[in-house]
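Reader: I'd like to learn how to read strands and sheets in a model like this. Can we go through it together?

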Amino acid sequence: MIKYERKARVFILGGKSFDYVMRVNAAGYLQFVYYGAKIDYSPSLTAAYADTLAPKPDDFNMNMALDCMPSEYGGFGRGDFRAPSAVVVQKDGFCASEFAYASHEIKDGAPALDGMPHVRRGGKTLSVTLKDKTSDAEITLNYTVFDDSDILVKNAVIKNAGADAFELRKAFSFCTELPDSAFDIMRLHGRWANERIPEATPIGHGTVRVESARGASSHQMNPFVALLRKGCSEELGECYGFNLIYSGSFAITAEAGQYGALRVQGGINDFGFSWRLRAGESFVTPQAALAYSAGGLGQMSREYADFFRNYVIDPKKAFAPRPIVVNNWEATYFDFDRDKLFAIIDEAAALGIDTFVLDDGWFGKRDDDLSGLGDWFVNDKKLRGGLKAVAAHCAQKGLTFGLWFEPEMISEDSDLFRAHPDYAIGKDGVTPCRSRNQLVLDFTRPDVVDYVFERVSAVLRSCDISYVKWDMNRNITEFFSRALPADRQGELAHRYILGVYGLAEKLTAAFPDVFFEGCAGGGGRFDGGMLYYFPQIWTSDDTDAFERAKIQWGTSTCYPASAMSCHVSACPNHQTQRITPLSTRGAVASLGAFGYELDLTKLTDGERDEVRAQIRDYKSISELVLRGDTYRLSNPFDGDYFCVALVSKDKTAAYVVGERVHGVPCDYNRTLKIRGLDPDKLYEVEELGVTASGRTLDGMGVLLPRLPDFGAWAWHITEKKK
Ligand code: DGJ
């Protein structure tokens, strides 16, 4: 719902259970008024409330008042001393900006951003155009709301409406100003093999900045923050989410101003950024998905999960049953030949697995990570009969075939690099920083992207490949393109990610039936931008069933369960050396898109039976992973148990997985409240032999099983017709 109160010049945007109010004040600025639970619009209250914070139109010193006006897009150098949302540097170097309302329009639908991920359908959009009083910049702020969602989508489009080129040094997507800063700010931080770990700290004074300057959204910091009202928990209390639908270098800042109000804004990282806009050109910023929840963090997470599944992920794939895969990476690493792979495929077929995914090492000269990237030609010597033979063997055994690529990378020891050293990002004369012995291709160059498209397409056409794992194993250094002029080098990081999106768009369009999985050294680019192209992403290179439980817990903060690829791996675990039961590994992995990452030929007979049962069981609950709601029941970061429930939308079924992470003595009567069920429905918890109403399962809870450390359980809950 979007309403415009013409006389008072007030905009009211409403989602399922929130309202967002702005107005054009008497001085002509677009002023933030309210964001929170639904309200009844009161003209007198809005005016009284907002007038105190607005500059007086006839006051000579009025611009100084901009420093306390809650602004929808902050300017610079005109009396607002907080961090601006955009910086426009004009021909003579002058860079003050003051954005004032010019016009607006309301339309059905959501704006499609050319070449960038965006909301695919639905909603209503308000577009407000602001004019910079001191330059030729025109900013259009888009706001999209949906009747069935508590997500508000914002972005900004900056146009050069003048005759001279200017340079953007900052171009954030959104700015929102909450009236106070009594929040904790939560971010999802991490590192390789330990991504998206939730951490909340008080805002305090000054600025909290969450960012990546790595050219990817990164393992280290997800492009997301949540503001939690004091006391906000999983189930109760107010919180706001800010999630960028973007995969490159980003920043989100929360700045408590001198009077305590909080400016939250974010977008492409302004560090090292510049963008030259010639007359008539526009710069489109990524979309940001803001969430409001009055039902705690859990409710916010469910809103994000629905939003990504319903509005961002390709609708043909969002709810499509996911193949259960076996991936050979941890089974063989680079050390495989056709016989080894065939043996894994034979075993996979016997166990009921759907897809065999051939990981790194099938192409060029690639027996380790020192060489071969970029040479997307099958290595027939290593793989007798090539990919065709593997695909044919899969088909013969009733499996489909998937293949790994790392399209954005190049090894210096590769034919591609020998022919085109300039294809790599970097500067002649400066020794490049290597990471995993590889360099990054210059995806700002259309010819490089086209080359990779041709090569990957040729491989995909060469035999029956129905699944692609798109990996990316290092971040950018030496931000320099040999193809960009000096005054456009600041555009590299964003142009790079536009190149990635361009390739993903072309490949997914050219191969609509292929299922694409994203990956970046595990979950180094797990964001809404990648989800637009790839419905699921390899969550982390850490497959240990205890560490993974925590990573999946954190990831579920703002992404759906179906987006998380989760595999059962071998023990001792390759990342942590921890030993956990196969049942625990299976239970934890079953909370996402399920598969195996181990040498199936080494399973014992008993393990084989267990795997068969895991697969059968996963198929019975996979609809809950695809379509259900996630309820986080027990937090592994501050308790002795991890526990998550997936509940069907109609509340007739639930699947609860738990893991005992740390044993303590004498904890006989610990209970777990099962949330998310219908209080009035009667349920049966199959494994416990318990029948109780949803109200009772939540109110009284059930006794937690007393298991050894890293023991797990899975409960199947179904409605019992009265
Ligand atoms: C990193 C990925 O996360 C792994 O799953 C595997 O594909 C390797 N790269 C291969 O190099």
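Reader: Let's start with strand pairing: how many bridges join β35 to β38?

Author: First, the general idea: strands here are DSSP runs (E, at least two residues), as helices are (H or I, at least four residues), numbered from the N terminus. Two strands pair if DSSP finds at least two bridges between them. In this case, β35 (residues 682–685) and β38 (residues 712–719) are joined by three bridges and run antiparallel. Within β38, Thr718 is the bridge partner of Glu684.

Reader: Before going on, what kind of model is this?

Author: This is a predicted model, where local features need pLDDT of at least 70 and side-chain atom pairs count only at pLDDT 80 or more, while totals for chains, interfaces and linings use all residues. Residues are numbered from 1 along each chain as its sequence is written, and side-chain values use heavy atoms, with hydrogens and water left out.

Reader: Okay, in what order do the strands of the six-stranded open sheet come?

Author: Read across, the order is β31-β32-β33-β38-β35-β36, with antiparallel pairing.

Reader: Why is one side of β31 and of β36 left without a neighbour in the sheet?

Author: β31 (629–634) and β36 (690–693) stand at the edges and each has a single partner strand, so one side of each has no neighbour in the sheet. From one strand to the next, the twist averages 20 degrees. For angles, axes are lines fitted to C-alpha atoms, for helices over the stretch in contact, and angles run from 0 to 180 degrees between N-to-C directions.

Reader: Which helix packs on that sheet?

Author: Contact means heavy atoms within 4.5 Å. Helix α13 (residues 605–627) packs there, touching β31, β32 (641–647), β33 (653–660) and β38. The direction of α13 makes about 100 degrees with that of β33.

Reader: Now the other open sheet: which strands are at its edges?

Author: This sheet has four strands in the order β1-β2-β3-β4, paired antiparallel. β1 and β4 (30–37) are the edge strands, each pairing on one side only. Here the twist averages 15 degrees from one strand to the next.

Reader: What do β1 and β2 form?

Author: They form a hairpin with four residues between them, and Arg9 in the turn has a positive phi of about 55 degrees. Four bridges pair β1 (residues 2–5) with β2 (residues 10–14) in the antiparallel sense, and Lys3 stands opposite Ile12 in β2. Next along, β2 is joined to β3 (residues 18–24) by five bridges.
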